[in-house]
Amino acid sequence: IYYYYTWAEKIYLNEDSSWLLGYLKALKSVDLSDFNTSEVKNIWYFFEWDENLESVDFSNFDTSNLEAMILVMKGAKKLKSINLSWFVTSKVWHMNDLFEDCTDLETVIIDNWDLGGWSSLSNLWQWIFWNNPNLKYTSAKNWKNIPSNISYWVEQFFNQDAISWTLDVSN
């Protein structure tokens, strides 16, 4: 069992918070609401191979300066649901394989994202949801700054074999 305690009123995460909580195989639940993440730019591999991670509270995770979110949840095999709707993504340019190998993931909510910072959107869906056989529902409502080639990359994703889940892009 991992337990963290500090007398500090607020804990500040580094600008580069890559691998911060990765490879903690016994980690089951994380509440990030007490951390100040206002300067964080990079969360590559943040929870990589936390195989027993079942829940993450990102509710106060300040992503206003976030630029890269590559393989953030890679291998979190027991994670079933995640909501990243409050993530400010206007500066994010790279999000490869965000949920790669989250093999029990059933629900992903990524509403209100701003794609204005993206340098490339080719294969976006494949990158975010690579190898998630149990995915049943994804909500991607109210996206901003959607590029004109959106139909191309959504079409590419839905042309893959074994896609049997619902994508909600209403509003």
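This note sets out, point by point, the main features of a predicted model of one protein chain.

1. Basis of the model. Because the model is predicted, local features need pLDDT of at least 70 and side-chain atom pairs count only at pLDDT 80 or more, while totals for chains, interfaces and linings use all residues. Residues are numbered from 1 along each chain as its sequence is written, and side-chain values use heavy atoms, with hydrogens and water left out.

2. Confidence. The mean pLDDT of the protein chain is 81, and 74% of its residues reach 70 or more; pLDDT is the predictor's confidence in each residue, from 0 to 100. Residues 159-163 stay under 50, and the model has three contacts beyond four places in sequence for them. Contact here means heavy atoms within 4.5 Å.

3. Overall organisation. The protein chain has two helices and eight strands, in the order β-β-β-β-β-β-α-β-α-β from the N terminus on. Helices (H or I, at least four residues) and strands (E, at least two) are DSSP runs, numbered from the N terminus. Among contacts with a separation of 6 or more, 82% come from residues 24 or more positions apart.

4. Surface and burial. The accessible surface of the protein chain is about 8,900 Å², and 49% of this belongs to carbon and sulfur atoms. Accessible areas come from the Shrake-Rupley method with a 1.4 Å probe; for residues, only the protein chains shown count as cover. Of the 171 residues, 45% count as buried. Buried means under 20% relative accessible area, exposed means over 50%, and partly exposed lies in between (1.4 Å probe, protein chains only).

5. The nonpolar core. In soluble globular proteins, nonpolar side chains tend to be buried together. The largest nonpolar core in this model has 36 residues, of which Phe47, Phe58 and Met73 touch the most other members. A nonpolar core is a set of buried Ala, Val, Leu, Ile, Met, Phe, Trp, Tyr and Cys residues joined through side-chain atoms within 4.5 Å. Leaving aside neighbours within four places in sequence, phenylalanine 58 is in contact with Leu32, Phe47, Met73, Ile82, Leu84, Trp86 and Phe87. Phenylalanine 58 is buried at 2% relative accessibility, and phenylalanine 47 is buried at 0%.

6. Aromatic pairs. The whole structure holds nine aromatic pairs. In phenylalanine 47 and phenylalanine 58 the ring centres are 6.1 Å apart and the planes stand at 75 degrees, so this pair is edge-to-face. Phenylalanine 47 lies in the loop between strand S3 (35-36) and S4, and phenylalanine 58 in the loop between S4 and S5, so the pair ties together parts 11 residues apart in sequence. Rings of Phe, Tyr and Trp (its six-membered ring) pair if their centres lie within 6.5 Å; planes under 30 degrees apart count as stacked, over 60 as edge-to-face and the rest as tilted. Ring pairs link Phe46, Phe47, Phe58, Phe61 and Phe87 into a cluster.

7. Leucine 71. This residue lies in the loop between strand S4 (55-57) and strand S5 (81-83). Leucine 71 is buried, with a relative accessible area of 8%. Apart from neighbours within four places in sequence, leucine 71 is in contact with Tyr45, Phe46, Asn96, Asp97, Leu98 and Glu100.

8. Lysine 74. The loop between S4 and S5 also contains lysine 74, which is buried with a relative accessible area of 11%. Its side chain makes a polar contact with the side chain of aspartate 101 (3.0 Å). A polar contact is a pair of N or O atoms within 3.5 Å; within protein, one must be able to donate a hydrogen and the other to accept it, and residues adjacent in sequence count only if both atoms are side-chain atoms. Not counting residues up to four places away in sequence, lysine 74 touches Phe47, Glu48, Trp49, Leu98, Glu100 and Asp101.

9. Asparagine 42. In the loop between S3 and S4, asparagine 42 counts as buried at 16% relative accessibility. A polar contact joins its side chain to that of aspartate 16 (3.3 Å).

10. Backbone angles. Most residues other than glycine have a negative phi. Tryptophan 19, however, has a positive phi near 55 degrees; this residue lies in the loop between strand S1 (11-12) and strand S2 (29-31) and is partly exposed at 46% relative accessibility. Asparagine 142 also has a positive phi, of about 55 degrees, and lies in the loop between strand S7 (137-139) and helix H2 (150-158).
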